[in-house]
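The sequence and the structure are shown first, and the description follows.

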Amino acid sequence: MGFDAVSGITHQAIKVALMISSPMLLGALIMGILVSIFQAVTQINEQTLSFIPKIIVIVGALAICAPWMSDTLTSFTKELIISIPQVVGR
């Protein structure tokens with residue numbers, strides 16, 4: 001019984017980590033692609049050009065998604081604390 005609970009907790013932790021990181025990662029990915037297309041069209045080969053827009057998008061995504069992210073982490077932590085007796089055993 002303990003192994004199943006640990007496996008479920010691990011699965012849920014990975015799911016929560018992917019959900020929380022996805023808005024920032026997807027925003028940075030899309031911005032990187034847009035900047036790369038812009039660089040290819042204008043033939044500007046500046047390495048640092050994509051750095052600032054990616055940071056702006058990441059901070060924006062963090063500001064927009066922060067309430068949802070904190071709610072998700074809080075509910076996961078509550079479920080984790082409640083499931084301690086199942087993991088440790090009775």
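## Loop, core and surface of the chain

Gln43 lies in the loop between α1 and α2. The backbone of Gln43 has a phi near 60°, a positive value in a residue other than glycine.

The model is predicted. For the chain, the mean pLDDT is 89, and 93% of the residues reach 70 or more. Confidence is highest in α2, at a mean of 94, and lowest in helix α3 (residues 84-88), at 82.

**The nonpolar core**

Which residues make up the largest nonpolar core? Its 7 residues are Val16, Ile20, Met24, Ala61, Cys65, Met69 and Phe76. At least two residues of this core come from each of α1 (2-42) and α2 (51-82). The greatest contribution is that of α2, with 4 residues.

Two residues illustrate the contacts in the model. Met24, a member of the core, is in contact with Ile58, Ala61, Leu62 and Met69, when its neighbours within four places in sequence are left aside.

Thr72 is placed in helix α2. Is Thr72 buried or exposed? Thr72 counts as buried, because its relative accessibility is 10% and the buried class covers values under 20%. Apart from neighbours within four places in sequence, Thr72 is in contact with Val16, Met19 and Ile20.

**The nonpolar surface patch**

Which residues form a nonpolar patch on the surface? The patch consists of Leu26, Leu29, Ile30, Ile33, Leu34, Ile37 and Val41, and together these residues have about 690 Å² of accessible area.

Leu34 is found in helix α1, and with a relative accessible area of 49% it is partly exposed. Ile33 also has its place in helix α1. Ile33 is partly exposed because its relative accessible area, 44%, falls between the limits of 20% and 50%.

**Isoleucines and separations**

Two further isoleucines, Ile55 and Ile82, are assigned to helix α2. Ile55 is partly exposed, with a relative accessible area of 36%. Ile82 counts as exposed at 66% relative accessibility, because that value is over 50%.

| Residue pair | Separation in sequence | C-alpha separation |
|---|---|---|
| Ile55 and Met31 | 24 residues | 9.6 Å |
| Ile82 and Thr10 | 72 residues | 15 Å |
| Ile33 and Ile20 | 13 residues | 21 Å |

**Reading the model**

How values were computed. Residues are numbered from 1 along each chain as its sequence is written. This is a predicted model: local features need pLDDT of at least 70, side-chain atom pairs count only at pLDDT 80 or more; totals for chains, interfaces and linings use all residues. Side-chain values use heavy atoms; hydrogens and water are left out. A nonpolar core is a set of buried Ala, Val, Leu, Ile, Met, Phe, Trp, Tyr and Cys residues joined through side-chain atoms within 4.5 Å. Buried means under 20% relative accessible area, exposed over 50%, partly exposed in between (1.4 Å probe, protein chains only). Contact means heavy atoms within 4.5 Å. Patches are made of residues with over 30% relative accessible area and no salt bridge: like charges are joined within 9 Å, nonpolar side chains (Val, Leu, Ile, Met, Phe, Trp, Tyr) within 5 Å. Accessible areas come from the Shrake-Rupley method with a 1.4 Å probe; for residues, only the protein chains shown count as cover. A salt bridge is a side-chain nitrogen of Lys or Arg within 4 Å of a carboxyl oxygen of Asp or Glu. pLDDT is the predictor's confidence in each residue, from 0 to 100.
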